[in-house]
Every structure is written in C-alpha cells, then in structure tokens.
Amino acid sequence: MRKVYSGAKAALDGVLFDGMTIMAGGFGLCGIPENLIGALREAGVRNLTVISNNCGVDDFGLGLLLQTRQIKKMISSYVGENETFEKQYLSGELELEFNPQGTLAERIRAGGAGIPGFYTKTGVGTVIAEGKEHKEFDGETYILERGLTADLSIVKAWKGDEEGNLVYRETARNFNPMMATAGKLTIAEVEELVPTGALNPDHIHTPGIFVQRIFKGPLYEKRIEKRTVRES
C-alpha cells in the first residue's frame, strides 16, 4: 500500500463526506494536526462530529472550523478557551457531549482496542451519569461508558517513516497515539519523514499498521495558548 502523500489536501482526497465523524489529536494547541485542519476548512465538508480534547482557540486549530460552521457536534472534555465555541453552544448551533478528561481518553482507547464499553466510577452522582446504565461492583456504583471510533482520525507526530510508523515528541504524545488506533482511516502529518527502517523500533509509539496515509507538513506555527514568563 502506498502511504506517502504530497500534502494534506492530497491525503484527504476521496476521504471526506458531509456528516462524518473525525477524531483530531492534540491537547489545546500542542500536537495538533495543523495542516490537516486547514485542509478540512478549505474542503468545506460540513455537519462534522469532531472528537477532540477541546476545540482550539478562536483563530487557530479546530477553532478555524467553528468559524466556518463546519462542526455540528463536539465530543470533548475541555472547552474553556474559545469564545466562538461558547457562543455557538449557548445559541444552540453547536451540540456538545461533555466528558471527564480521563473518561474521554479511555473511551478512545477502548474504541481502538475493539472494546464497545466499560464501567467507571468517574461521574457517578453527577449530570455526567444521567441516562447511563449504572451497575454495582463490590458494593460500589459504576456507570457504563461507550467506546469511541471515527470515520477518520487525523494525528500529528514528530517523526514518521514511509510505512506510517510514528514517534511523538514530549507532550505532543497526548491524544494522538490512541486516536491513531480508533479511526477507520488514519492520516498522520509529521515534521520529519524518514525512510523505512530509519526509526529505532523501540522508539516507535504508533505502529504503521494503524496509519493508512502520511505526509510531511510544510509549516508548523506551534502556538502557545498562554505564555507565562518570570519577571527579571
């Protein structure tokens, strides 16, 4: 299988359709697939359900897709840095399925592992538990959470090879590895694309069997949401 593509637009060719579900890796603005998000905006695909820890900021990351109203529903755990998100949610334009952060991570991991659901104590007795199955184990109450999968996963890695093996760098190794396993199709963008065999097998975080398409991103802004410095 030919996995290497020339860029984000080419990698998305023939994949997109209105109403699809997309997982987008990253945490805030760290480790996000910047080029693929831009290509999604340019493609104009609509009514998207997006599974991501959050929705970026107003003018960057997934926030760009909120600007163009391409997202119908977000499945997230943190939404506090985006005024556009707030306005669209409060006006009823945007649906939100809110999750505790660890629960979201485990729902994605479970989906990638072929596990349809699991029980957790997180959220018991709160609005998170409303409408969900409750079950007792050893005298403690748990709620059933469903695993998550997507039509497409878009992830960002530091290095990748021509077979799709991926290495993430530091905190960019957040939601990307589990999302890479949970998409029917996974597209990875990388800062450095190396020949097959150049990566130390012991250093690979995502095996290439989970990645169907890969390309080298031409540019990464790597913005910082809130820069804090010491006074001199």
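In this predicted model, the backbone oxygen of Cys30 lies 3.3 Å from a polar atom in the side chain of Asn174. Asn174 belongs to the loop that runs between strand 9 (166-167) and helix 6 (176-182), and with a relative accessibility of 14% this residue counts as buried. Leaving aside residues up to four places away in sequence, Asn174 touches Gly26, Phe27 and Cys30.

**Cysteines**

- A disulfide is a covalent bond between the sulfur atoms of two cysteines.
- The count of disulfides in this model comes to 0, and for Cys30 the reason is distance, because the closest cysteine sulfur, that of Cys55, is 17 Å away from its own sulfur, too far for a bond.
- Cys30 counts as partly exposed, at 27% relative accessibility, whereas Cys55 counts as buried, at 2%.

**Aromatic rings**

- A pair of aromatic rings is described by the distance of the centres and the angle of the planes.
- The structure holds 3 aromatic pairs, and one of them joins Phe27 and Phe175 in a stacked arrangement, with 6.5 Å from centre to centre and 25° between the planes.
- Phe27 lies in the loop between strand 1 (21-24) and helix 2 (34-43), while Phe175 lies in the loop between strand 9 and helix 6, so this pair ties together parts of the chain that are 148 residues apart in sequence.
- Phe27 is partly exposed, with a relative accessible area of 37%, but Phe175 is buried, with a relative accessible area of 5%.
- The rings of Phe137 and Tyr142 have centres 5.4 Å apart and planes at 85°, which means that this pair is edge-to-face.
- Phe137 is partly exposed at a relative accessible area of 32%, and Tyr142 also counts as partly exposed, at 21% relative accessibility.
- Ring pairs link Phe137 and Tyr142 with Tyr119 into a cluster.

**Charges over rings**

- The charged end of Lys156 sits over the ring of Tyr220, at 4.8 Å from the centre of that ring.
- Lys159 lies over the face of Trp158, and here the distance to the ring centre is 4.7 Å.

**Helix 2**

- The buried residues of helix 2 are Glu34, Asn35, Leu36, Ile37, Ala39 and Leu40, and the elements that cover them include helix 1 (8-12), strand 1, helix 3 (63-67), strand 8 (150-161), strand 10 (183-194) and strand 11 (213-216).
- Helix 2 is followed by Gly44, which has a positive phi near 80°.

**Helix 4**

- At the start of helix 4, a side-chain oxygen of Asn82 reaches to within 3.0 Å of the backbone nitrogen of Thr84.
- An α-helix has 3.6 residues a turn, so residues three or four places apart point the same way.
- In helix 4 (residues 83-90), the residues Thr84, Phe85 and Gln88 are buried, and because they cover an arc of only 100° around the axis, they lie on the same side of the helix.
- These buried residues of helix 4 pack against helix 3, strand 3 (71-76) and strand 4 (95-98), while the face turned away from the buried side carries the exposed residues Glu83, Lys87 and Leu90.
- Just after helix 4 comes Gly92, which takes a positive phi of about 85°.

Note on methods: Residues are numbered from 1 along each chain as its sequence is written. This is a predicted model: local features need pLDDT of at least 70, side-chain atom pairs count only at pLDDT 80 or more; totals for chains, interfaces and linings use all residues. Side-chain values use heavy atoms; hydrogens and water are left out. Helices (H or I, at least four residues) and strands (E, at least two) are DSSP runs, numbered from the N terminus. Buried means under 20% relative accessible area, exposed over 50%, partly exposed in between (1.4 Å probe, protein chains only). A polar contact is a pair of N or O atoms within 3.5 Å; within protein, one must be able to donate a hydrogen and the other to accept it, and residues adjacent in sequence count only if both atoms are side-chain atoms. Contact means heavy atoms within 4.5 Å. Rings of Phe, Tyr and Trp (its six-membered ring) pair if their centres lie within 6.5 Å; planes under 30 degrees apart count as stacked, over 60 as edge-to-face and the rest as tilted. A charge sits over a ring if NZ of Lys or CZ of Arg is within 6 Å of the ring centre and within 35 degrees of the ring normal. A disulfide is a pair of cysteine sulfur atoms within 2.5 Å. The arc is that of the directions from the helix axis to the C-beta atoms.
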